[in-house]
Amino acid sequence: MDLHGSVLRQLKSRREGFSLAQPFYIDPDYFKLDMEMIWYRDWLFIGHDCEVPRAGNYFTAQIGDYPVVVVRGKDGAIRAFHNTCRHRGHRVCTSDRGASAKLVCPYHQWTYDLDGSLVFARQMGETFDKSEFGLKSVHCESVGGYIFVCLADDAPDFAPVRATIEPYLKPHRLWEAKVAHRSTIIEKGNWKLVWENNRECYHCAGNHPELCRTYPEAPTATGVQGAKDDPFITAHWARCEGAGLPSEFRMDPTGQFRVARMPLIQEAESYTLSGKPAVRRPLSADVPISHVGTMLLFHYPTTWNHILGDHAISFRVLPLSAEETAVTTTWLVNKDAVEGVDYDLDELTHVWTMTNDQDRAIVEENAFGIRSPAYEPGPYSLEHEGGVMQFVEWYSNFMVNRLQGDKARLSAVA
């Protein structure tokens with residue numbers, strides 16, 4: 001079967017405003033194609049600068065078939081490498097995170113400097129040239145405290161991402177924040193279902209009682225659906241921009257990434273049951289006003305984010321299989337904030353811990369129903385699901401573009 005041709009035909013003939021055909025959510029071959037066309041070729045959010053604050057700090061991640069390690073060098077630079085020893089392929093760093101003066105493979109103790117160069121390989125003979133066997137580099141960029149990697153030999157230009165998101169991130173100084181908590185859940189559903197669920201609040205009232213105490217259910221909150229015509233939102237943008245905080249909705253022409261600063265409900269300042277700040281110490285002194293709402297950052301296919309006045313929350317999506325997705329949530333606070341003094345960890349994490357678990361259940365039930373032979377694509381709500389339609393439009397056009405050899409023009413639903 002010509003898989004590429006079949007997928008291309010299905011995407012080109014898909015019914016606009018409807019969900020995707022069943023194989024896109026459950027078929028292992030379609031999943032493999034997603035990995036090859038998107039995940040192995042584009043920029044992916046992998047973590048935060050503050051997770052590697054000092055030389056020798058590292059963390060690891062698995063992106064499909066590729067183990068990757070991100071490490072802070074002696075020169076302060078953050079680099080990424082394929083976490084595969086150049087001797088016989090054993091993983092060099094086997095822990096989720098750690099600190100080491102050098103990276104030592106536990107199999108035969110081949111030893112790499114923090115810049116990836118091989119510095120020691122025991123008893124390999126006089127003709128062995130260490131300079132030929134350093135760790136293989138992975139493209140790595142840091143912007144506003146966010147680390148992105150790209151597995152492709154030739155990475156797409158990162159400049160448009162940096163130009164769009166850096167001004168919005170900069171006032172929050174996330175590169176010098178600290179991790180207050182981190183959790184990873186496995187959702188038994190395709191990565192696209194995880195994103196589709198995230199891109200609308202049509203389901204919020206019936207499923208997220210904690211989140212709905214502070215986050216607006218209005219479809220304008222997604223940014224892609226009438227935000228510029230909402231006087232409450234435009235007044236919020238004007239107030240924040242007057243304080244030096246970039247706020248207006250901006251989306252890249254491809255539809256892949258966007259930013260906006262959105263107000264919370266009424267007087268709410270943070271994602272807590274009371275709406276009051278969860279952290280007494282503000283996240284950054286460069287944010288001069290209160291009630292700044294949430295700075296939303298989305299970058300397909302790996303991350304959505306909420307950055308508030310008192311803390312920030314990042315979400316990282318990594319597919320495990322056609323029907324399993326890992327979602328890692330990280331709560332960031334001021335580097336000087338002290339747990340038990342400046343914040344209570346349960347209060348800080350409660351709303352999104354509950355919301356994540358509720359979303360996990362939704363995605364898994366969604367996936368369960370899609371497996372039925374009776375499933376067929378259904379219509380999205382024009383009133384509430386503009387964000388979902390935009391995501392599916394991005395995915396479809398992005399895949400068509402790649403499958404046709406990067407000749408098709410990408411478009412986005414605005």
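Student: What should I know about the model before we start?
Tutor: It is a predicted model in which local features need pLDDT of at least 70 and side-chain atom pairs count only at pLDDT 80 or more, while totals for chains, interfaces and linings use all residues. Residues are numbered from 1 along each chain as its sequence is written, and side-chain values use heavy atoms, with hydrogens and water left out.

Student: At what angle do helix 3 and helix 9 cross?
Tutor: Roughly 80°, and the axes of helix 3 (residues 28-39) and helix 9 (residues 386-403) come within 10 Å. Helices (H or I, at least four residues) and strands (E, at least two) are DSSP runs numbered from the N terminus. Axes are lines fitted to C-alpha atoms, for helices over the stretch in contact, with angles from 0 to 180 degrees between N-to-C directions.

Student: What do you call that arrangement of helix 3 and helix 9?
Tutor: Helix 3 and helix 9 are roughly perpendicular to each other. The classes are roughly parallel under 35 degrees, roughly antiparallel over 145, roughly perpendicular from 65 to 115, and oblique for the rest.

Student: Which residues in helix 3 and helix 9 meet?
Tutor: From helix 3, Leu33, Asp34, Met37 and Ile38 meet Trp394, Tyr395, Phe398, Met399, Arg402 and Leu403 of helix 9. Contact means heavy atoms within 4.5 Å. The residues of this contact of helix 3 with helix 9 are eight nonpolar, no polar and two charged. Here Ala, Val, Leu, Ile, Met, Phe, Trp, Tyr, Cys and Pro count as nonpolar, Asp, Glu, Lys and Arg as charged, and the others, Gly among them, as polar.

Student: New topic. What does UniProt list for residues 43-149?
Tutor: The unreviewed UniProt entry lists "domain: Rieske" there. Such annotations may be inferred rather than shown by experiment. Over residues 43-149 the chain is 0% helix and 42% strand, with the end C-alpha atoms 5 Å apart.

Student: How many aromatic pairs are there?
Tutor: The count comes to 23 aromatic pairs. Rings of Phe, Tyr and Trp (its six-membered ring) pair if their centres lie within 6.5 Å; planes under 30 degrees apart are stacked, over 60 edge-to-face, and the rest tilted. Trp39 and Trp191 form an edge-to-face pair, 5.2 Å centre to centre with 90° between the planes. Trp39 lies in helix 3 and Trp191 in helix 5 (residues 191-198), so the pair ties together parts 152 residues apart in sequence.

Student: Are Trp39 and Trp191 buried or exposed?
Tutor: Both Trp39 and Trp191 are buried. Buried means under 20% relative accessible area, exposed over 50%, partly exposed in between (1.4 Å probe, protein chains only).

Student: How far apart are the ring centres of Phe45 and Phe148?
Tutor: The ring centres of Phe45 and Phe148 are 6.1 Å apart and the planes are at 65°, so the pair is edge-to-face. Phe45 is in strand 1 (residues 44-48) and Phe148 in strand 10 (residues 146-150), 103 residues apart. Phe45 is buried at 2% relative accessible area, and Phe148 is buried at 0%.

Student: Backbone now. Which residues does a cis peptide bond join?
Tutor: Tyr300 and Pro301, with omega about 10°. Pro301 lies in the loop between strand 14 (294-299) and strand 15 (303-307). Most residues other than glycine have a negative phi, and most peptide bonds are trans.

Student: What is the phi of Gln123?
Tutor: Gln123 has a positive phi of about 50°, although it is not a glycine. Gln123 is exposed, at 72% relative accessibility.
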